[in-house]
Amino acid sequence: MPQPKGIGLVKGLGVTLKEMGRTMFPRQGVMKLVPSPTQGAVTVQYPHEKEAPAPRARGVIALKEENCTVCMLCARSCPDWCIYIEGHKEKAPPRRAGGKPRTVSALDRFDIDYALCMYCGICVEVCPFDALFWSPEYEYSELRIADLLHDKERLGEWMETVPDFEPYEAGSEAKPRKVPR
Amino acid sequence: MTVTESQKLAYVAGQAAEARVNLEIETEGMTLNLGPQHPATHGTLRIVAKLDGEQVVACEPIMGYMHRGYEKLTEVRTYPQVTTLVNRIDWLGHFANEVPFILAAETLMDIEAPPRAQWIRTIFFEMARIANITLFLGDMGVQLGALTPVFYAFRDREYVLNQMEAVTGGRFHPNFDRIGGLRDDLPKGWIADTKAVMDKVRNFCDVMEDLLVGNEIFDSRTRGIGVIPAEVALGFGLTGANLRASGVDWDLRRDQPVGLAWNEVDWKVWTHPDGDSFARYWVRLQETREAAHIIDQLLDNIPAGPVMAKVPRIIKVPEGEAWVSTENPLGEMGYYIVSKGDLGPFRCKIKSASFNNISVVPWVTRGVYVPDVITILASLYFILGDIDR
């Protein structure tokens, strides 16, 4: 028996209607009769409400300046060379009384050009002294492209927004890490 | 190369014949440019169609508008840097691009990733497949004039991408695969969340079946349009779902195990005997379901252990050559790496699926009507970044 025409169309319309009902009337019980599309919608009205990105989201790179030893590993491993580092050696007082004065590296310049950055995260990964961290913050667009070059003060400000590392799933042997505060 | 007089004459005769295509009523032909910016081309592909009235006489895809020179770029980057580049080849199936490259480098270095890393790799590989194909399932509707499916596709794809972001930190460019394992382990509670997302993916497939597969308009626009017989598909080097829709039972996940965990779970390869546009849609729809099924089984028994093997801090790949290909969302994707013992590859040949898939367009569009060209292009499903690299 040939199928009557239009069954598929009606079925498709039914799907659309069902989805519309779910979006317009998402509440339970008696409140179901009150439409609240903002609650049922999957999108958010951006400047007024914000989506929370995952804690691991790669939004912006934060710099913990005290931990940086100017080893240049991050600048060298960056695929598009958007990290600019300058530093100098300084004499610091010895750790113990009577010891020799230490030589420490001080950071003069640490710039990341976010106009070039590909957000690959290799610099954060190679940093052996825990000086770079990812923050899920994403609201730092600028009107001028030159303003996307963040210097070490600006990168240091992001440090407050870095969330703690999440605990791992069962069966993992990865070492838990901590963000230096 | 010298050109003889007879060759010149043959070329002129050919041009004259093309200009007057309809031999019966001697009307002049028309050349129609689809693209480089036509929305039906998913990017900047130019399609030159020579028409006789409504009928296509010859159709030629012209690529290269999006060439980014990745093969050359890999030669001046180190191995860890290359994974961030290859993410951008097929930008919808992001993670799947990294895997064959890493596997090829691992073969050269004689390193094997620990089992936990291989399982998580497989899970992400299949999630990339879902992220890629769900967009096709909705997009095919848009090409045929149905607007609703693409909104559902984008909505449900976002759930999968959110799960990837929770682990890798990137929605589109995970850059998570490393030589010897993975960058990080899964965060707590991720497995349960992903299971809920897989239910949503299955629900999405049911919705698509109701919306499009049973739809009369969709049926008449796709059934019998752009039929590619099995021998033609094999001859043009089609891979992936395009080949399986022609009835060829060919899947590298099953036929060519590369160490990933597909052999550990129970799944099946879907084929369709028809080889038309509908078959290609149907096969991809079943594949999405199958991918959700694979992920569910893999999530249940991820082995415990480390996710990273012992790898030197500075990665130098010993001299040699390696070729590894996997079944990516679009078809077979492989990397041929030639190493001279340096920090980066000496030469890296990238074989991507879309380049072959689009080569069948001149053959399959001969004699069809103009709206069917759009159907065929949509159902062949190529990503421009995957064609031009």
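A: Let's start with chain A: its radius of gyration is 26 Å, while a compact globule of 181 residues would come out near 16 Å. That radius is taken over C-alpha atoms, and the globule rule is 2.2 Å times the number of residues to the power 0.38. One heads-up: this is a predicted model, where local features need pLDDT of at least 70 and side-chain atom pairs count only at pLDDT 80 or more, while totals for chains, interfaces and linings use all residues. Residues are numbered from 1 along each chain as its sequence is written, chains are lettered from A in the order in which they are written, and side-chain values use heavy atoms, with hydrogens and water left out.

Q: OK, what does the C-alpha trace of chain A span along its principal axes?
A: About 95 × 40 × 40 Å.

Q: And how many helices and strands does chain A have?
A: There are 5 helices and 5 strands in chain A. Both are DSSP runs numbered from the N terminus: helices are H or I with at least four residues, strands are E with at least two. Starting at the N terminus, the order in chain A is α-α-β-α-β-β-α-β-β-α.

Q: Which residue forms a salt bridge with R56(A)?
A: E166(A), with the closest N and O atoms 3.7 Å apart. A salt bridge here means a side-chain nitrogen of Lys or Arg within 4 Å of a carboxyl oxygen of Asp or Glu. R56(A) sits in the loop between helix 2 (37-40) and strand 1 (60-63) of chain A, and E166(A) in the segment after helix 5 (152-157) of chain A, so the pair ties together parts 110 residues apart in sequence.

Q: How do strand 1 and strand 2 of chain B pair?
A: Strand 1 (residues 30-34) and strand 2 (residues 46-52) of chain B are antiparallel, over 5 bridges. Pairing needs at least two DSSP bridges between the strands. One of the links has N33(B) partnered with V48(B) in strand 2 of chain B.

Q: How many bridges join strand 2 to strand 3 of chain B?
A: 7 bridges, and strand 3 (residues 55-62) runs antiparallel to strand 2 there. I47(B) has P61(B) in strand 3 of chain B as a bridge partner. The hairpin of these strands has 2 residues between them, and G53(B) takes a positive phi near 65°.

Q: Now the interface. How many residues of chain B are in contact with chain A?
A: 41 residues of chain B are in contact with 37 residues of chain A, contact meaning heavy atoms within 4.5 Å.

Q: What about salt bridges between chain B and chain A?
A: The count is 4. In one salt bridge, R155(B) meets E19(A), with the closest N and O atoms 2.9 Å apart.

Q: Which helices of chain B supply residues to that side?
A: Helix 3 (79-86), helix 6 (148-168), helix 7 (190-213) and helix 8 (216-222) of chain B each supply at least two residues to the side touching chain A. Helix 6 gives the most, with 8 residues.
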